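Here are a few notes to read alongside the structure.

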Amino acid sequence: MPTLDEHFLALHTPGTPLLMPNAWDPGSAKVLQALGFAAIATTSGGFAATLGRLDGCVTREEALEHAAALVDATTIPVSADLENCFADEPEGVADTISAAIEQGLAGGSVEDYTRNREEPIYELAHAAERVRAAAEAAHAGPVPFVLTARAENYLHGRADLDDTIARLQAYQEAGADVLFAPRVVDPNELRRLLAEVDRPVSVLVTPGAPTVDQLAELGVARISVGGAIAAASYGFAVAAVTELREQGTPNYWDLAATVRAVMQAAFEPPT
């Protein structure tokens with residue numbers, strides 16, 4: 001019988017993409033599983049918000065503890081948003097991946113974003129060495145860990161498709177299992193990117209992106225929502241309390257009523 005990790009990698013099928021929403025706490029993880037999703041991911045920004053912080057403001061230990069809580073809350077594969085693996089050097093990246101495996105995660109990601117606004121993206125050779133170290137740690141144990149390598153150019157003002165593809169190709173050669181370039185959503189750019197790599201490709205859906213069906217036709221293997229749904233949940237809360245304060249009406253009860261049945265099914269203890 002395949003392990004959870006092997007099952008997770010098998011879900012990445014070009015043309016039949018895995019829709020993998022991002023949970024921000026154990027409750028949302030349970031709800032997403034109850035809705036039938038085959039796998040979920042964490043979201044660094046969504047988790048940070050639950051602590052009253054901005055994205056990028058959690059420690060490695062906090063991120064891993066949070067990911068472990070989602071693993072414990074569900075029985076489906078969980079992939080962790082590990083940011084830049086909380087390390088500049090390859091050795092630190094490998095340590096983070098090894099620690100993630102110990103938490104029971106089925107997969108996780110490593111970014112090439114430096115956290116330095118002046119030089120936001122690691123130099124390519126160094127970035128590839130970081131991915132290589134992550135891949136070696138991911139594949140060293142008895143249970144495979146699905147490593148996603150992320151090229152962050154488009155998130156940080158570097159809309160350079162040639163460099164992004166070169167990075168993904170280098171990360172593929174370094175051993176990454178899945179490739180991800182957030183914000184690359186133009187169909188023509190995606191078509192070229194997909195043609196020039198040989199690993200499953202994940203796409204972040206954003207306004208103006210192709211639909212899920214269109215992404216499937218292009219050959220995308222995984223679709224992520226990032227932290228947007230977590231942020232939208234805060235947006236609904238803001239709208240609800242603003243309505244109550246300014247209009248005196250509780251129309252948010254209508255949505256709450258429709259969700260309660262899902263919550264009850266998701267949270268009901270096993271018999």
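**Notes for a first look**

1. Aspartate 95 counts as partly exposed because its relative accessibility is 47%. Please keep in mind as you read on that this is a predicted model. Aspartate 95 sits in helix α5, which covers residues 90–102.

2. Now turn to strand β6, residues 146–150. Is this strand mostly covered or uncovered? Strand β6 is mostly covered, with five of its five residues buried.

3. Strand β5 (residues 107–111) pairs with β6 in the parallel sense, over five bridges.

4. Side chains of opposite charge can pair when their charged atoms come close. Arginine 150 and glutamate 111 meet through their side chains in a salt bridge, at 3.7 Å from N to O. This pair links distant parts of the chain, since arginine 150 belongs to strand β6 and glutamate 111 to strand β5, 39 residues apart. Arginine 150 is buried because its relative accessible area is 12%, under the 20% cut-off. Glutamate 111 is buried as well, with a relative accessible area of 6%. Both residues belong to a network of salt bridges that also links Glu83, Arg115 and Glu152.

5. How many salt bridges are there? The count comes to 12. One of them joins arginine 53 to glutamate 62, with 2.7 Å between the closest N and O atoms. Arginine 53 is partly exposed, at a relative accessible area of 31%, and glutamate 62 is partly exposed at 22%. In another salt bridge, the side chains of arginine 192 and glutamate 196 meet at 3.0 Å, N to O. Here arginine 192 is partly exposed at 35% relative accessibility, and glutamate 196 is partly exposed at 33%.

6. Finally, a loop residue. Glycine 56 lies in the loop between α3 (44–50) and α4 (60–73). Glycine 56 is partly exposed, with a relative accessible area of 40%. From glycine 56 to alanine 239 the separation is 183 residues in sequence and 26 Å in space, C-alpha to C-alpha.

Technical notes. Residues numbered from 1 in each chain as written. Predicted model: local features only at pLDDT ≥ 70, side-chain atom pairs only at ≥ 80, totals over all residues. Heavy atoms only, no water. Helix = DSSP H or I, 4+ residues; strand = E, 2+ residues; numbered from the N terminus. Buried < 20%, exposed > 50% of the residue type's maximum accessible area, 1.4 Å probe, protein only. Pairing = 2+ DSSP bridges. Salt bridge = Lys/Arg side-chain N within 4 Å of Asp/Glu carboxyl O.
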